[in-house]
Amino acid sequence: AWRSAALKRLSVIQKNALEDTAVTNKMQWDNSISFMERILKERIDLANDNLERCIGPSWTERWTGWRSRSPLESQCVSAKNELQKLLVADEMHSKHLENDELTTVRRNLQTQGVDVPYEIICTVWEKLYAVTFLTRALSSAQQCRKAFYHRSIACNAVECNDVVLFWRATRMLETTSNALRLQIMNTEAQRLEQEVKQYLDELSRDEENKKRLITGKRVDLAEELRKVRSIQDKLELFIAELNKDQ
């Protein structure tokens, strides 16, 4: 186990890294945006997968795979199409649907001949909103890439504060990995060496353990080979002496 002092030092290093909000050069800024984009793209893929599982196969998948949507999936598609109108009308819509919006969506679906329960509408909204929110965040991150020299304006205009947050997370990960590397190379390696040395010293004083560790088929075979080699050397010396006498 790691020593408590090392854990405390690591905690302090992480805290200092997270409290640092000054991105000092453009390389750090770009690296933070790249990190942010990579994470957002992964989350968007997951969110799209969740939405696709909810609404069923697309037109291409149905046509090429001879598949069809279930009644529930058809309801989800109708709800998705109606909910997208809310997001088009209000791009900055909050995460939650208001009761009147929920009622309006359901009534609009009923006028189309589709009766979708409130629970399904809410489920589809959560999945659709996740895709929309993450896609908007990715677009903002891409706009922030060229905003390093105007950070004070950009942070308010295109929400580049998120980039600073990801930079702080990246900084924390880098400083943590460096601290762990130094900890392993210095303190932990020395401690491991001392523990191994202590174990070997204890083992050297225990004759029974030494016998148990140095016995086995391979050890016996090596011992037999050593004896054979010794006999062979003696025979060669004997033959050499006979040749001299002759």
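Guide: What follows looks at the cysteines, then at a serine, and lastly at the confidence of the model. This is a predicted model, and the mean pLDDT of the protein is 82, with 92% of its residues reaching 70 or more. The count of disulfides comes to zero, since a disulfide requires a pair of cysteine sulfur atoms within 2.5 Å. For cysteine 76, the closest cysteine sulfur is that of cysteine 54, and because the two sulfurs are 3.4 Å apart, they are too far from each other for a bond. Cysteine 76 has a relative accessibility of 4% and therefore counts as buried. The sulfur of cysteine 122, in turn, has that of cysteine 76 as its closest cysteine sulfur, but at 12 Å this pair is also too far apart for a bond; with a relative accessibility of 31%, cysteine 122 counts as partly exposed.

Turning to the serine, serine 78 lies in helix α4, which covers residues 71-89. Its relative accessible area is 18%, so serine 78 is buried, and, leaving aside residues up to four places away in sequence, serine 78 touches Leu109 and Val114.

Note on methods
Residues are numbered from 1 along each chain as its sequence is written. This is a predicted model: local features need pLDDT of at least 70, side-chain atom pairs count only at pLDDT 80 or more; totals for chains, interfaces and linings use all residues. Side-chain values use heavy atoms; hydrogens and water are left out. Buried means under 20% relative accessible area, exposed over 50%, partly exposed in between (1.4 Å probe, protein chains only). Helices (H or I, at least four residues) and strands (E, at least two) are DSSP runs, numbered from the N terminus. Contact means heavy atoms within 4.5 Å. pLDDT is the predictor's confidence in each residue, from 0 to 100.
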